[in-house]
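Subject: Structure handover

Hello,

Here is the structure we spoke about, with some notes on it below. Please have the view open while you read.

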Amino acid sequence: MSALRKLWSLRRRRPWFVTGSLGVLAFLLAYPFVHWWLQSAGIAGRFGYFDLGAYRSAVNNWLAGDPLYVENDDGGYHGSYLYPPVFVLLFVPVAETSLLGLSFRQAGVLLNVVSVGLLWVGLQAAVAGFGLSLAWYERGLLLWAVAGFGPVIVSMQLAQVSVFLAALLTFGLVGVLYDDEPDGRFAACTAGAATAVAGTMKFVYAPVGAHLLQDRRRFAAAVATGLALAGLSVAVFGVDSHLRYLDVLTWGKGWGESRAPYPPYLWLPPYYRPFHAVGATAGLVARAGLTAAITAVALLSADADVEAETFALGAAAIPLIAPRVYTQDLAVLLPAAVALLATELRRADGRPLVPVVGVWLAAVHAYGLFALIVLLNDHVVPTLNGLLPLAVAPAARTVAALGQPGLWAVLLLVGLAMYRVAAAASRPGWVDGR
């Protein structure tokens, strides 16, 4: 049975889920046209492929024997290449000196096509891993829906690697789904390797490794991949490049001495600041607590059949635990939502509408936040200004920070996944005196 027929067959048993799913699907299919209108109105940014310049410059610097990491006059590294040295190799095909001879715009298009294509293929494989088939037209609808997902569009506008990393994690999910098969060793290695590559290219993606704690083969594959990447990196780029990279990490993007993050009410499409309303110290405590909690429940549920939920928990937690991420990084919620949607549909007490709503909230984050800020600035604040002139501005900013759609998308997915994994966790033996 195809996916849409399966969905329609649930209309009497789960009417709210079916209605919500069809509504979100319709929104995703229509959103590219909405975005085109926002762009023509000057609200949405253009496809400038801004990050591509940093990637191409890194390749050029490497080939010319110059440093990969170029420090700005102010001492920071904004606008420069910021990933580990080894990943410069990924961008050789889109460099100016590539044999393909691509122009800047052609290189940006190629990077986006490959990234979205991989994510599309990975999602199809994940759907198949959960035992659901897709008709040919459903595969086309899925591609259009992925391309119409707000964070994916923001990533494509920048020519960022967030969609590529989301694709890698999706293949990691596929490996998790198949590693219990008789020939599951390759699947386990795929899951571990894909997770390691994503988590080392962007260290802030490390929380997705929660599922590695539940399987020795996946964990070993991740460690082996990390060591192989490190060895290749040193062999190709030398020790000096890595010492410079340590300086980049010290400067940081949210954990070092980089400039303070812009608050969400000073809006731009990529802005996403989950803990802005509670402050930096409380946010740090919350991140540490969530990290400890995810580690604990992943270890304690290693013998339970909640590996897909654990993967979803780690992936969805990235935008909460990471020191700083952006709207485009919410693309990682797609494989997390697929995992939760499939597992919730299998439960008699499942809540499949939760991941559906989460996807919609992530999809509208950038311009939903913009609409909220416009509403506050143009209507709410002027109305209340005469009554509470001293309290309106701080309150409006707090409302904007707490009203970030992407924040609630992450909270819904993390909350549901944490609930399922924690419910399956068993107490360690020392609690019972064993």
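The count of aromatic pairs comes to 15, where rings of Phe, Tyr and Trp (its six-membered ring) pair if their centres lie within 6.5 Å, and planes under 30 degrees apart count as stacked, over 60 as edge-to-face and the rest as tilted. In the pair Trp 136 and Tyr 137, the ring centres are 5.7 Å apart and the planes stand at 90°, so this pair is edge-to-face. Trp 136 is exposed at 72% relative accessibility, while Tyr 137 is partly exposed at 35%; buried means under 20% relative accessible area, exposed over 50%, and partly exposed in between (1.4 Å probe, protein chains only). One aromatic cluster is formed by Tyr 55, Tyr 69, Tyr 81, Tyr 83, Phe 91, Phe 203 and Tyr 245.

This is a predicted model, in which local features need pLDDT of at least 70 and side-chain atom pairs count only at pLDDT 80 or more, while totals for chains, interfaces and linings use all residues. Residues are numbered from 1 along each chain as its sequence is written, and side-chain values use heavy atoms, with hydrogens and water left out.

Next, helices α3 and α4. Helices (H or I, at least four residues) and strands (E, at least two) are DSSP runs, numbered from the N terminus. The axes of α3 (residues 50-64) and α4 (residues 104-129) come within 10 Å and cross at roughly 100°. Axes here are lines fitted to C-alpha atoms, for helices over the stretch in contact, and angles run from 0 to 180 degrees between N-to-C directions. The two helices are therefore roughly perpendicular to each other (65 to 115 degrees; under 35 is roughly parallel, over 145 roughly antiparallel and the rest oblique).

On the α3 side, Leu 52, Gly 53, Tyr 55 and Arg 56 meet Phe 104, Ala 107, Gly 108 and Leu 111 of α4, contact meaning heavy atoms within 4.5 Å. By class, this contact has five nonpolar, two polar and one charged residues; Ala, Val, Leu, Ile, Met, Phe, Trp, Tyr, Cys and Pro count as nonpolar, Asp, Glu, Lys and Arg as charged, and the others, Gly among them, as polar.

Asn 112 is also in helix α4 and, at 7% relative accessibility, counts as buried. Leaving out residues up to four places away in sequence, Asn 112 touches Tyr 49, Ser 155, Met 156 and Ala 159.

What do the backbones of Tyr 49 and Ala 159 show? Tyr 49 has a positive phi of about 55° although it is not a glycine, and Ala 159 likewise has a positive phi of about 55° without being a glycine. Tyr 49 sits in the loop between α2 (15-40) and α3 and is buried, with a relative accessible area of 5%. Ala 159 lies in the loop between α6 (150-158) and α7 and is buried at 0%.

Last, helix α8 (residues 184-201). Its 18 residues should span 26 Å at 1.5 Å a residue, and the end C-alpha atoms are 26 Å apart, which agrees; the expected span is 1.5 Å times one less than the number of residues. Buried residues in α8 include Gly 184, Ala 187, Ala 191 and Met 201. The cover over the buried residues of α8 includes α7 (162-178) and α9 (216-251). Thr 190, in α8, is partly exposed at 25% relative accessibility. Thr 190 and Arg 218 are 28 residues apart in sequence and 7.9 Å apart in space, C-alpha to C-alpha.

Regards
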